[in-house]
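Keep the viewer open as you read.

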Amino acid sequence: MSNKYQIFVSSTYKDLKEHRDQVIKAVLEMGHIPVGMEMFSAADEGQWSIIKRQIDQSDYYVVILANRYGSVTDEGLSYTEKEYDYAVSKGIPILGFVLDDEALWPSQHTDTVPKEVSSLKEFKIKVKQKHVSFWKNTDDLYGKCSIALMKAFTSDPREGWVRASEATNIKMANELTRLSAENSELRKQIKNIETDAKEKRSRENNKIINILLKNERPVPVRLCEGDYVEEACKINLFRLFNYLAPEMLIEKSVNDISTYVAVVIANFEASELYMPYPIPRNIVKDWIADLSALELVSPSSKKKPITDMEEYWALSERGKEILNILRRMMLEETDSSLSDIKPGVEKTLS
């Protein structure tokens, strides 16, 4: 039978309208039936019976979460969470899509009220108890939703909907053939999109490595006696990143970076250095600005005591990719020009 699945799509409204549209598009392109609650007022409790009936009739339930909890019911639950709980209670397969913590997101679409922030956090924990996918933008969500739905159709097939006229008609076989061809073509397109994305990412990473290799920076150092060594050594951004990246997997302050480079790279004793910034803060921030422009580092999101006025930076996802590439190259190509990049102290780097 050429079953068509009804898929209920749930999310907060204004902040995720564009993203929900992409999910609905993915469902339609696979030849199935998306159901959303845009036509009903979220604050109208009288519509809850209609919403329940739509969920009851659905074969799969998709929930999209970002950084807003949404309007709440009299019980204090958001309508999105109430729909989610009801779908779970009915045993409907759940496909969760949660915004990646490192994704860029508009501040006006992010909850700041403590109660809403806390409720959203608990809701996300609940959703993550089942398998979820993490997305960063609309295209990413579209691709991951298409893949997740196709996997769900295969691993957990549902009853679906069939035209009454097709129940005993040869059209049923023709329709099944057509839908199978469409699904096969969609799978090919998704695979091609994923392959193209990986190849593009690889080209971008190689370009970044070449930029790092071509850009050299002097390392000035201030000593505690008042002396200023204008060019204690030179280092290209490639080696600077190679030294700093393992230290920034969690986070590192501008102060710590200044001291680390002066001791580990410029080869000074800590007792010789002017503290807290043996390398001037503006020089360190220039290095960070260069690495940030290449999308290798980003401001740390870890919470700090209010008394901590330091500025902290950490590797971005791109930075972690580049670090992994460099480490693999060192491990796999011991006779290459990269084989000498190892932890240690060098007076002059080029």
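A residue counts as buried when its relative accessible area is under 20%. That cut-off will be handy below, and please keep in mind that this is a predicted model.

## Aromatic pairs

Let's begin with the rings: the structure holds 9 aromatic pairs. In one of them, the ring centres of Tyr5 and Tyr60 are 5.2 Å apart and the planes stand at 90°, so this pair is edge-to-face. The two partners come from distant parts of the chain, 55 residues apart: Tyr5 belongs to the segment before β1 (6-10), while Tyr60 is in strand β3 (residues 60-65). Are these two tyrosines buried or exposed? Tyr5 has a relative accessible area of 9%, which is under 20%, so Tyr5 is buried. Tyr60 is buried as well, with a value of 0%.

Another edge-to-face pair joins Trp105 and Trp135, with 5.7 Å from centre to centre and 75° between the planes. This pair also links distant parts of the chain, 30 residues apart: Trp105 sits in the loop between β4 (94-99) and α4 (114-127), and Trp135 in strand β5 (residues 132-135). With a relative accessible area of 17%, Trp105 falls under the 20% cut-off and is therefore buried. Trp135 is buried too, at 0%.

## A ring cluster

Which residues do ring pairs link into a cluster? They are Phe8, Tyr61, Tyr69, Tyr84 and Phe123.

## Charges over rings

Two lysines are worth a look here. Lys25 lies over the face of Tyr142, 5.5 Å from the centre of the ring. Lys304 has its charged end over the ring of Tyr312, at 4.5 Å from the ring centre.

## Two packed helices

Two packed helices are described by the angle between their axes and the distance between the axes. For helix α7 (residues 237-247) and helix α10 (residues 317-332), the angle is about 100° and the axes are 10 Å apart. Angles of 65 to 115 degrees count as roughly perpendicular, and α7 and α10 are therefore roughly perpendicular to each other.

Which residues make the contact? On the α7 side they are Phe238, Phe241, Asn242, Ala245 and Pro246. On the α10 side, Gly319, Ile322, Leu323, Leu326 and Met330 take part. Sorted by class, the contact of α7 with α10 has 8 nonpolar residues, 2 polar ones and no charged ones.

Methods:
Residues numbered from 1 in each chain as written. Predicted model: local features only at pLDDT ≥ 70, side-chain atom pairs only at ≥ 80, totals over all residues. Heavy atoms only, no water. Phe/Tyr/Trp six-rings, centres within 6.5 Å; stacked < 30°, edge-to-face > 60°. Helix = DSSP H or I, 4+ residues; strand = E, 2+ residues; numbered from the N terminus. Buried < 20%, exposed > 50% of the residue type's maximum accessible area, 1.4 Å probe, protein only. Lys NZ or Arg CZ within 6 Å of the ring centre and 35° of its normal. Axes fitted to C-alpha atoms, helices over the stretch in contact; angles between N-to-C directions. Parallel < 35°, antiparallel > 145°, perpendicular 65-115°, else oblique. Contact = heavy atoms within 4.5 Å. Nonpolar A, V, L, I, M, F, W, Y, C, P; charged D, E, K, R; others polar.
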